[in-house]
Amino acid sequence: MASNFLKIGQISDIHIGEDASLVQGIDVRANFMTALNSPTMQDLDLLVLSGDLANEDGEPGAYKYFAEWLKTYNKVPVCIIPGNHDRLEVMEKYLNLKGTVHNGKCYYRYDIKGRTLFFIDSACGEVSRDQLDWLEAEVPKVDGEVGLFMHHPPCFCNHRFMDLRYHLRNMVEVRETFAKFKNLHHVFCGHYHSDFEVLIDDLDLQVHVAPSTQMQIDPNTPYFNLKSSAPGWMTIEWGDNFVATEVHF
């Protein structure tokens with residue numbers, strides 16, 4: 001296997017509460033550990049936590065939990081971005097985000113094994129103009145293909161509940177920016193508490209939406225309906241001529 005083969009584990013929408021109490025009747029900490037310790041998450045090169053680490057509104061206890069966990073997790077590097085239930089100013093107090101926060105947003109480039117990944121912040125429900133300008137300056141500097149992580153999908157996903165109420169508000173502006181990049185073909189997201197693969201044909205862009213470790217929301221109803229309290233997560237394999245994702249429950 002080529003040395004620049006990259007395996008990434010993505011865990012999203014973890015929703016850890018202030019303490020170890022159940023969240024909506026679900027042991028979210030146990031769900032997180034189920035994903036983390038799964039055989040499918042072995043031999044990783046990178047672990048990504050793609051937003052909504054905290055349950056409701058940036059509970060400090062959630063970030064304390066992750067800070068303690070990170071002290072003992074030394075298998076691979078961990079990249080983190082916030083989601084709409086996180087508060088970056090609280091995250092910064094507990095997690096090492098040095099070099100990733102600019103003008104109140106968490107966005108950065110990460111290089112590993114000859115690959116380049118970009119991480120952007122959509123926690124407020126939009127991607128700021130500063131971030132889009134930064135991408136326009138930085139993505140063309142990379143000769144090869146790049147990948148990008150964000151919390152919100154930059155498209156509708158045929159999820160009747162989430163598309164209606166909690167979609168990315170400036171997805172048109174975001175996609176206009178993405179259209180400028182000939183070396184961006186894969187975007188990895190969470191937020192929808194359901195897994196999707198969406199091809200944006202005119203951009204030749206594949207959007208991969210990871211499920212949640214907290215719970216899965218039924219995509220077929222326009223109101224909230226719990227589909228499953230089983231945790232879900234995603235693995236990404238990036239080789240010389242392919243990018244493949246697999247969803248696990």
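Six strands form an open sheet in the order β6-β7-β8-β9-β11-β10, with mixed pairing. β6 (108-112) and β10 (196-200) are the edge strands, each with a single partner strand, so one side of each lacks a neighbour in the sheet. From one strand to the next, the twist averages 20°. Strands are DSSP runs (E, at least two residues) and helices likewise (H or I, at least four), numbered from the N terminus. Two strands pair if DSSP finds at least two bridges between them.

The model is predicted: local features need pLDDT of at least 70, side-chain atom pairs count only at pLDDT 80 or more, and totals for chains, interfaces and linings use all residues. Residues are numbered from 1 along each chain as its sequence is written, and side-chain values use heavy atoms, with hydrogens and water left out.

β7 (residues 115-119) and β8 (residues 146-149) pair in the parallel sense over four bridges. T116 stands opposite V146 in β8. Helix α4 (residues 129-138) lies across β6, β7 and β8 and runs at about 165° to β7. Axes are lines fitted to C-alpha atoms, for helices over the stretch in contact; angles run from 0 to 180 degrees between N-to-C directions.

H208 belongs to strand β11 (residues 205-209). H208 is buried, at a relative accessible area of 3% (buried: under 20%; exposed: over 50%; partly exposed in between; 1.4 Å probe, protein chains only). Not counting residues up to four places away in sequence, H208 touches H186, V187, F188, C189, F196, E197, M234 and T245 (contact: heavy atoms within 4.5 Å).
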